[in-house]
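Please examine the sequence and the structure shown below. The explanation that follows leads through the chain step by step.

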Amino acid sequence: MDDDRINQEKHNCKSEKKGIKLFVLSLVILFFLPITAFAVLDWFASSDALAIGITGYIQTVIVNGVLGLLAVIIALVSMVKLAQPNKSFKQIIGRTVVIIVCVGAAFFLVRPLILDIPYLEHPEAAYLERLEFEYSRGIGDYGSDDYYLRGVDMTGERHSFEISEKRYEEGRALWGGNDYNLFAKVTYLPHTSTLMSLDFMTELDASGAELYPPSPELPNDWESFSIQINDTVYTLPVPLAAFLDDGWVISEEDAGLSLAGAEGPYASYEWEWVSLTNNHEQDISVCVFNTTESTIPVAESTVGGIHVIYGNYDFSGTELRIPCGLMLGWSTREDVLKLYGQPNDSFEATYGGYSLKYEIDNPYDPASWRLGFDDSGILDDVMVHHQAYFRSD
């Protein structure tokens with residue numbers, strides 16, 4: 001009798017231990033295994049050794065593929081449950097929504113991976129300015145920090161790339177050591193934003209401008225007094241109507257202006273500076289003239305001068321170019337001197353920087369360029385004028 005009781009106690013003890021083991025195993029499967037899996041996935045997604053290049057794309061494939069596979073599995077499980085009988089209306093709606101969301105998520109996770117395959121051998125290339133270095137802290141003790149490089153390319157498009165901590169620290173050191181003027185040359189896969197290569201540069205190399213040739217209508221002679229704004233080339237003097245036809249709008253405070261005519265011989269032309277804005281929210285200042293003998297509204301005037309300051313960041317690179325394809329915010333003082341020759345005048349600006357002035361030797365038509373540069377020698381201010389201030393007869 002005692003032996004049976006002892007055996008029963010031993011059996012119960014073993015059952016309790018087995019139950020405890022199963023409970024602990026269940027906790028591991030339900031809680032610790034997913035946490036570990038996501039921690040490994042997070043480390044993999046931000047590993048310094050795998051962040052850039054073909055391994056970066058493979059990393060994205062694995063991360064997106066795993067998440068996409070999970071979405072497909074959840075969708076399939078929901079479909080199986082949806083096919084079972086005795087479902088309530090709420091269950092039907094809920095499972096249908098889950099299926100749609102998961103299928104959509106899988107599509108948007110996998111689609112960019114496929115679209116980037118043709119770019120693996122020939123990735124997109126870009127030069128970035130206005131660099132920003134940012135990072136976000138991981139959650140808790142297991143999440144890793146994320147590091148980002150952001151900037152604007154020569155076409156004005158904004159980019160954001162995830163980089164490693166090592167490249168982040170390297171870039172910030174160069175950025176701060178160069179008075180926060182630094183360029184980045186990148187190649188990347190356009191659909192997954194996978195960074196294939198990254199080089200920080202304190203000066204642009206010759207191949208930068210070759211990526212984006214200017215309009216064939218833009219002359220190489222500065223004495224043409226032509227300027228390319230976005231995709232259109234304007235040669236001064238030009239009717240203001242040419243700008244209005246291209247979508248530029250006169251500011252409200254200037255729209256009601258009228259300009260008196262120059263009636264007598266050698267009379268001065270009436271002129272005003274007015275502001276224009278386009279649908280890209282870009283602003284330029286134009287100097288308009290009335291070269292007729294009658295009073296006219298400002299919309300019928302002639303543009304004889306244009307002033308664009310880069311400091312407002314309305315333009316970048318190819319959005320504004322001057323003869324020889326020089327670009328606002330990218331070309332340097334050395335580029336200008338090399339292509340335009342020695343200026344008629346040069347002087348330091350009041351608040352830092354430097355200016356060059358090129359003008360033609362004609363007292364009756366004071367046509368000129370005034371090109372301003374920041375402390376780093378980057379072109380950041382363009383003023384062009386080509387219009388006489390008075391009648392010649």
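**Aromatic pairs, helices and a buried loop**

Y358 has a relative accessible area of 1% and is therefore buried, since buried means under 20%. The model in which this residue is found is a predicted one.

The partner of Y358 is another tyrosine, Y340. The ring centres of Y340 and Y358 are 5.5 Å apart and the planes stand at 85°, so the two rings form an edge-to-face pair. Y340 belongs to helix α8 (residues 333-340), while Y358 belongs to strand β18 (residues 354-359), so the pair ties together parts that are 18 residues apart in sequence. Y340 also counts as buried, because its relative accessibility is 8%.

The protein chain has 393 residues, and 37% of them count as buried. Its secondary structure comes to 8 helices and 20 strands. Of the contacts between residues at least 6 apart in sequence, 56% join residues at least 24 apart. The accessible surface of the chain comes to about 22600 Å², and carbon and sulfur atoms account for 56% of that surface.

How many aromatic pairs does the structure contain? The count comes to 17 aromatic pairs. One of them joins W271 and Y389: the ring centres are 6.0 Å apart and the planes are at 70°, so this pair is edge-to-face, since an angle over 60 degrees counts as such. This pair links distant parts of the chain, for W271 lies in strand β11 (residues 270-277) and Y389 in the segment after β20 (379-385), 118 residues apart. Are these two residues buried, exposed or partly exposed? W271 counts as partly exposed at 38% relative accessibility, and Y389 is partly exposed as well, with a relative accessible area of 31%.

Ring pairs also build a cluster, which links F133, Y135, Y147, Y168, W175 and F200. A ring may face a charge too: the charged end of R333 sits over the ring of Y354, at 4.5 Å from the ring centre.

Helix α2 has 30 residues, which should span 44 Å at 1.5 Å a residue; the end C-alpha atoms of α2 are 42 Å apart, which agrees. Helix α3 (residues 89-115) has 27 residues and reaches 39 Å from its first C-alpha to its last, close to the 39 Å expected. Which part of the chain do the buried residues of α3 pack against? They pack against α2 (54-83). The buried residues of α3 are R95, I99, C102, A106, P112 and L113. In α2, the buried residues include G56, Y57, V63, G68, A71 and A75.

C102 counts as buried because its relative accessibility is 11%. Another cysteine, C287, is buried with a relative accessible area of 2%. A disulfide is a covalent bond between the sulfur atoms of two cysteines. The structure holds 0 disulfides.

The last stop is a loop. L236 lies in the loop between β7 (232-235) and β8 (238-239), and it counts as buried at 3% relative accessibility. Which residues surround L236, leaving aside its neighbours within four places in sequence? L236 is in contact with F225, V303, G304, G305, I306, V384 and H386. Of these, G304 is 68 residues from L236 in sequence, yet the two are 5.8 Å apart in space, C-alpha to C-alpha.

Methods: Residues numbered from 1 in each chain as written. Predicted model: local features only at pLDDT ≥ 70, side-chain atom pairs only at ≥ 80, totals over all residues. Heavy atoms only, no water. Helix = DSSP H or I, 4+ residues; strand = E, 2+ residues; numbered from the N terminus. Buried < 20%, exposed > 50% of the residue type's maximum accessible area, 1.4 Å probe, protein only. Contact = heavy atoms within 4.5 Å. Areas by Shrake-Rupley, 256 points an atom, 1.4 Å probe, with all protein chains shown as cover. Phe/Tyr/Trp six-rings, centres within 6.5 Å; stacked < 30°, edge-to-face > 60°. Lys NZ or Arg CZ within 6 Å of the ring centre and 35° of its normal. Expected span 1.5 Å × (residues − 1). Disulfide = S-S within 2.5 Å.
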